[in-house]
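Here's a quick briefing to read with the coordinates open. Have a look at the structure first, then work through the topics below.

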Number of protein chains: 2
Amino acid sequence: MARAVVLLSGGLDSYTAAAAARREDVELCALTFQYGQRHAVELDAARRVAAALGISRHLVMDLDLSAIGGSALTTAGAEIPKDGADTGEIPVTYVPGRNTIFLAVAMGWAESLDASQIIIGVNAVDYSGYPDCRPEFIHAFEQLARVATRAGVEGHPMAIRAPLLHLSKAEIIRLGVELGLDYGLSRSCYDPDASGAPRGRCDSCRLRAAGFAAAGVVDPLGSSAGSR
Amino acid sequence: MARAVVLLSGGLDSYTAAAAARREDVELCALTFQYGQRHAVELDAARRVAAALGISRHLVMDLDLSAIGGSALTTAGAEIPKDGADTGEIPVTYVPGRNTIFLAVAMGWAESLDASQIIIGVNAVDYSGYPDCRPEFIHAFEQLARVATRAGVEGHPMAIRAPLLHLSKAEIIRLGVELGLDYGLSRSCYDPDASGAPRGRCDSCRLRAAGFAAAGVVDPLGSSAGSR
């Protein structure tokens, strides 16, 4: 059976991407980062999601991206934009280098595990405008992996699979429902309250809410879904 | 003045690469990883080298690559090959994904610092046979950075500079001597003794010793230079 490393954040997208990949008879190994994000509640969600997917090998790695700065998402006290002030620019919640760093570590772990695939839940349709969520980024990373790894040099390049890349948020949610996923386990909010509950006003909550609405599905997280 | 992030390991190559880049009037910011390497003595060397180069911004980042496994260099108790048993294969000291991960973090930090260059001391002539020390790897990473960063998307792609890529070890050492570097500050050994002194028998020591010999220069570290 092919083995794959899946980047599992605890959010809706990576949960769905992992489940979609699992249909094709691959053994999943999950990789989650504790990267200094303000929404550490994601980590608990990642553990729940991994358990629900029956993943037995789950590596949670400490990697303090707040040290490199440059993002409201890893800076204590920085304001997370609310209510969709879409300026057409890359938003302040963008973490410089994040997906490149995550894929690089996944590639190293995949090489060590003899895994032939990396699965990432990026999406270039209903997304936040981050440069490292686009098809050209995924393609460039796959090209890099061909020359950066022992397997690539030996003629067995690693595949970077992004099964949600061209789906709308509503299509992702419909796929997840079809796969029987419990989205009550996942968390998406960039700015949860002290109890860890989503507030429903950040970009991530708004995309989630709009996706559930368009899919005609009720978000089991209820009022988190941007209804406030 | 252009700003650059330099990957500084504390070894001879990154010290020389940084000094070579500094000639061209760039402001250097140094990035060093505490990555679970057995030769932690490198970290002290990196701090000395950064000070000698007059670098005021030096980020030492914890990133435990031993968690992803796959290398004798980050595995307690694993044997480091000695006396040059060259099999023509990628050696067991290869750390899967290492340079990809290091460049990815450097890219994120560079983006956050508004730096336009990353400097890495890889060398594809007298090297250990790692896939991520070759020109095609550097080129692929540069292509990735074009699409992975805000600056790249906005038309200011980041340059990945590898000034030692095509130099022999002897040429690197001659360049360093010309630049007035004190190689007594640097450390290269994969397998130092309990006091941190190089033993002179690993691949890295052997390459260093052969380089000094070919350059006709005495290694200030003396007997470390593979003479035992």
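## Inside the core

Leaving out residues up to four places away in sequence, B:Val6 touches B:Ala17, B:Ala18, B:Ala21, B:Leu28, B:Ala30 and B:Ile119. B:Val6 is also among the residues with the most contacts inside the largest nonpolar core, which has 138 residues. Keep in mind throughout that this is a predicted model.

**The core**

**Chain A as a whole**

- Chain A has 7 helices and 5 strands.
- Read from the N terminus, its elements go β-α-β-α-β-α-β-α-α-β-α-α.
- How does the radius of gyration of chain A sit against the globule rule? It is 17 Å, close to the 17 Å that the rule gives for 228 residues, so chain A is as compact as a globular protein of that length.
- The C-alpha trace of chain A spans about 55 × 40 × 30 Å along its principal axes.
- Of the 228 residues in chain A, 53% are buried.
- Take the contacts in chain A with a separation of 6 or more: 69% of them join residues 24 or more positions apart.

**How the two chains meet**

- Chain A puts 39 residues into the contact, and chain B puts in 37 residues.
- On the chain A side, β3 (58–62), α3 (98–113), α4 (135–148) and α5 (150–153) each supply at least two residues.
- Which element gives the largest share of that side? That would be α3(A), with 10 residues.
- Sorted by class, the side of chain A that touches chain B has 22 nonpolar, 9 polar and 8 charged residues.

**Symmetry**

- Chain A superposes on chain B through a rotation of 180° with 0.0 Å of shift along the axis, at an RMSD of 0.0 Å.
- That is the relation of a two-fold axis.
- Both copies use the same surface, as 95% of the contact residues of chain A recur in chain B.

**Helix α4 of chain B**

- Helix α4 (residues 135–148) of chain B has 14 residues, which at 1.5 Å a residue should span 20 Å; the rule counts one less than the number of residues. The end C-alpha atoms are 20 Å apart, which agrees.
- The buried residues of α4(B) are B:Phe137, B:Ile138, B:Ala140, B:Phe141, B:Glu142, B:Leu144, B:Ala145, B:Val147 and B:Ala148.
- What covers those buried residues? The cover includes α3 and α4 of chain A, along with α3 (98–113), α5 (150–153) and β5 (159–161) of chain B.

**Loop residues with positive phi**

- As background, most residues other than glycine have a negative phi.
- A:Asp25 has a phi near 60°, a positive value in a residue other than glycine. It lies in the loop between α1 (12–22) and β2 (26–34) of chain A.
- You'll find B:Asp114 in the loop between α3 and β4 (117–119) of chain B.
- B:Asp114 is exposed too, with 11 other C-beta atoms within 10 Å.

- A:Ser188 is found in the loop between α6 (169–178) and α7 (203–215) of chain A.
- Despite being in a loop, A:Ser188 is buried: 30 other C-beta atoms lie within 10 Å, and 20 or more is what it takes.
- Setting aside neighbours within four places in sequence, A:Ser188 is in contact with A:Gly11, A:Leu12, A:Pro198, A:Ser204, A:Cys205 and A:Arg208.
- A:Ser188 and A:Pro81 are 107 residues apart along the chain, and their C-alpha atoms are separated by 15 Å.
- B:Pro157 is in the loop between α5 and β5 of chain B.
- B:Pro157 counts as partly exposed, with 17 C-beta neighbours inside 10 Å.
- Apart from neighbours within four places in sequence, B:Pro157 is in contact with B:Ala145, B:Arg146, B:Ala151 and B:Gly152. Among these, B:Ala145 is one of the buried residues of α4(B).

Definitions and conventions: Residues numbered from 1 in each chain as written. Chains lettered and ligands numbered in written order. Predicted model: local features only at pLDDT ≥ 70, side-chain atom pairs only at ≥ 80, totals over all residues. Core = buried A, V, L, I, M, F, W, Y, C linked by C-beta atoms within 7 Å. Buried ≥ 20, exposed ≤ 12 C-beta atoms within 10 Å, placed from the backbone. Contact = placed C-beta atoms within 7 Å. Helix = DSSP H or I, 4+ residues; strand = E, 2+ residues; numbered from the N terminus. Nonpolar A, V, L, I, M, F, W, Y, C, P; charged D, E, K, R; others polar. Least-squares fit on C-alpha atoms with pLDDT ≥ 70 in both. Rg over C-alpha atoms; globule rule 2.2 N^0.38 Å.
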